[in-house]
Amino acid sequence: MEYTQQLDTALNRLHEEGRYRTFIDIERRKGNFPHAVWRKPDGTEQQITVWCGNDYLGMGQHPVVLAAMHEALDATGAGSGGTRNISGTTVYHNRLEAELADLHQKEAALLFTSAYIANDATLSTLPKLFPGLIIYSDELNHASMIEGIRRNGGAKRVFRHNDVQHLRELMAADDPKAPKLVAFESVYSMDGDFGPLAELCDAAEEFGALTYLDEVHAVGMYGPRGGGVSERDHLTHRMDIINGTLGKAFGVHGGYIAASAKMCDAIRSYAPGFIFTTSLPPVVAAGAAASIAHLKADATIREQHQTQAKILKTRLKGMGLPLIDHGSHIVPVHVGNPVKCKMLSDMLLEKHGIYVQPINFPTVPRGTERLRFTPSPVHGPREMDALVRAMDDLWSHCALNRAEMSA
Ligand SMILES: Cc1ncc(COP(=O)(O)O)c(C=O)c1O
């Protein structure tokens with residue numbers, strides 16, 4: 001076997017399709033978000049503004065979060081020193097789980113090293129707990145859910161995106177006595193559209209199915225206390241399992257599920273992705289707990305975030321750019337070609353110091369490549385003006401169709 005040649009073939013395929021991923025080496029500057037320094041491959045540096053981060057609220061530099069992390073670091077050291085079962089459960093982990101259970105008004109919560117692992121570990125474990133389980137999954141669910149469902153050995157059905165009628169048809173075709181679970185998201189991160197949560201819960205209830213909601217792109221940002229879209233829409237009690245991240249709006253790292261005490265106990269006891277891995281560092285747990293507590297008590301940052309998204313969307317729409325707008329905080333601009341998308345991203349970075357990563361297949365379907373902007377409360381009017389001017393300039397120079405697609 002020519003191993004190196006095989007690797008070359010695989011990598012060349014990505015280059016030819018224009019979807020080889022290049023990481024941009026940046027150094028974020030605490031207290032100065034969204035500004036950062038780009039360390040270029042030639043060794044030089046350039047000041048840039050980050051427009052594609054998922055630290056949606058700028059909590060990664062919030063004094064309350066940093067103070068809690070400093071305190072925990074000084075008190076307890078660097079790592080947790082073990083798995084949850086073997087010396088890795090600390091007062092910081094327990095506090096954070098209590099904070100999360102309260103956030104989602106559930107009996108319990110369970111921490112994982114990321115929301116990816118939380119989805120994968122939970123969904124791959126559920127059929128062990130409910131033999132014969134059929135999982136009904138929205139076709140645009142995140143890779144972590146797909147992966148968990150794919151390798152769990154149980155039955156799965158994929159329903160068309162947000163199509164509750166299709167979901168009903170699929171459930172109606174299955175054995176009424178079979179245990180069932182419907183898995184969906186509240187905010188789909190690439191288009192920024194919302195799942196029809198109430199209708200999905202109605203369908204699940206009608207067919208006796210459990211509900212599994214990924215709130216990764218909504219926790220901290222929606223609902224009076226940042227409990228997500230399910231909280232905003234008064235549907236928390238209808239979600240059997242809620243999945244969330246601590247790495248986006250909460251600005252730190254890690255993931256979790258919130259559910260009944262029994263459900264968490266069972267996942268805790270059976271999921272290899274929970275059991276056989278070192279627990280989060282206490283310092284991370286302390287920062288996340290402080291971030292959640294702050295955002296629960298104060299909606300100011302949440303409101304500023306929504307305002308920023310509205311302003312950016314209005315301004316880009318006003319210029320006739322092909323915006324995909326479903327009313328959430330995510331601002332995708334359609335490009336529709338991987339090479340053009342990368343070229344625009346490169347030009348924004350090099351010419352204007354604006355960093356927005358091109359979003360290409362497989363993250364989005366081919367032909368829907370886009371630039372995905374994530375405005376936040378730390379993007380001021382100066383940054384917004386610079387972005388709007390740069391987009392206007394680029395669209396004119398590249399003779400791109402301004403209204404190619406809008407939803
Ligand atoms: C919908 C969705 N779920 C889960 C995840 C995983 O979250 P984390 O970054 O905490 O692993 C992501 C990641 O970006 C996501 O977009």
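Predicted model: local features only at pLDDT ≥ 70, side-chain atom pairs only at ≥ 80, totals over all residues.
Helices here are DSSP runs of H or I, at least four residues long, numbered from the N terminus.

**Entry: Phe-274**

I found Phe-274 in helix α10, residues 272-275. Phe-274 has 7% relative accessibility, so it counts as buried, the limit being under 20%. I then listed its contacts, skipping residues up to four places away in sequence. Phe-274 touches Arg-84, Leu-110, Leu-111, Phe-112, Ala-121 and Arg-268. Phe-274 and Asn-54 are 220 residues apart in sequence, and their C-alpha atoms are 24 Å apart in space.

**Entry: domains**

I looked up how the chain is divided. Domain 1 takes 14-56 and 300-405, and domain 2 takes 63-297. The C-alpha centres of the two domains lie 28 Å apart.

**Entry: helix α13**

I tested the length of α13, residues 338-352. At 1.5 Å a residue, its 15 residues should span 21 Å, and the end C-alpha atoms are 20 Å apart, which agrees.

Which residues of α13 are buried? I found Pro-338, Cys-341, Leu-344, Ser-345, Leu-348 and Leu-349. Down the axis of α13 these buried residues fall within an arc of 130°, so they line one face of the helix. The general rule is that an α-helix has 3.6 residues a turn, so residues three or four places apart point the same way. On the face of α13 turned away from the buried side I noted the exposed residues Val-339 and Glu-350.

I then asked what covers the buried residues of α13. The cover includes the strands β2 (35-39), β3 (45-50), β14 (354-355), β15 (358-359) and β16 (370-373). Helix α14 (381-397) is also part of the cover.

I inspected both ends of the helix. At the start of α13, a side-chain oxygen of Asn-337 comes within 2.8 Å of the backbone nitrogen of Val-339. After α13 comes Gly-353, with a positive phi near 65°.

**Entry: helix α5**

I repeated the burial check on α5, residues 143-150. Its buried residues are Ser-144, Met-145, Gly-148 and Ile-149. Seen down the axis of α5, they fall within an arc of 130°, so they too line one face of their helix. Their cover includes helix α4 (115-129) and the strands β5 (134-138), β6 (155-159), β7 (180-185) and β10 (210-214).

**Entry: Ser-291**

I placed Ser-291 in helix α11, residues 282-297. Is Ser-291 buried or exposed? Its relative accessible area is 0%, so Ser-291 is buried. The side chain of Ser-291 reaches the backbone oxygen of Phe-250 at 2.8 Å. Leaving out neighbours within four places in sequence, I find Ser-291 in contact with Met-59, Val-65 and Phe-250.

**Entry: Thr-236 and Gln-105**

I went to the loop between α8 (229-232) and β11 (241-245), where Thr-236 sits. Thr-236 has a relative accessible area of 12% and is buried. Beyond four places in sequence, Thr-236 touches His-104, Gln-105, Lys-106, Ser-230, Glu-231 and Ile-242.

I followed Gln-105 from that list. Gln-105 lies in the loop between α3 (91-103) and β4 (108-112). Gln-105 is exposed, with a relative accessible area of 56%. Its phi is positive, near 55°, and Gln-105 is not a glycine.

Asn-162 has a positive phi of about 60°. I placed Asn-162 in the loop between β6 and α6 (164-172). Asn-162 is partly exposed, at 22% relative accessible area.

I noted two cis peptide bonds. One joins Phe-33 and Pro-34, with omega about 10°. Pro-34 is in the loop between β1 (26-28) and β2. Another joins Phe-361 and Pro-362, again with omega about 10°. Pro-362 is in the loop between β15 and β16.

Methods: Residues numbered from 1 in each chain as written. Heavy atoms only, no water. Helix = DSSP H or I, 4+ residues; strand = E, 2+ residues; numbered from the N terminus. Expected span 1.5 Å × (residues − 1). Buried < 20%, exposed > 50% of the residue type's maximum accessible area, 1.4 Å probe, protein only. Arc of directions from axis to C-beta. Contact = heavy atoms within 4.5 Å. Polar contact = N/O pair within 3.5 Å; in protein donor to acceptor, adjacent residues only side chain to side chain. Domains from an automatic or database assignment.
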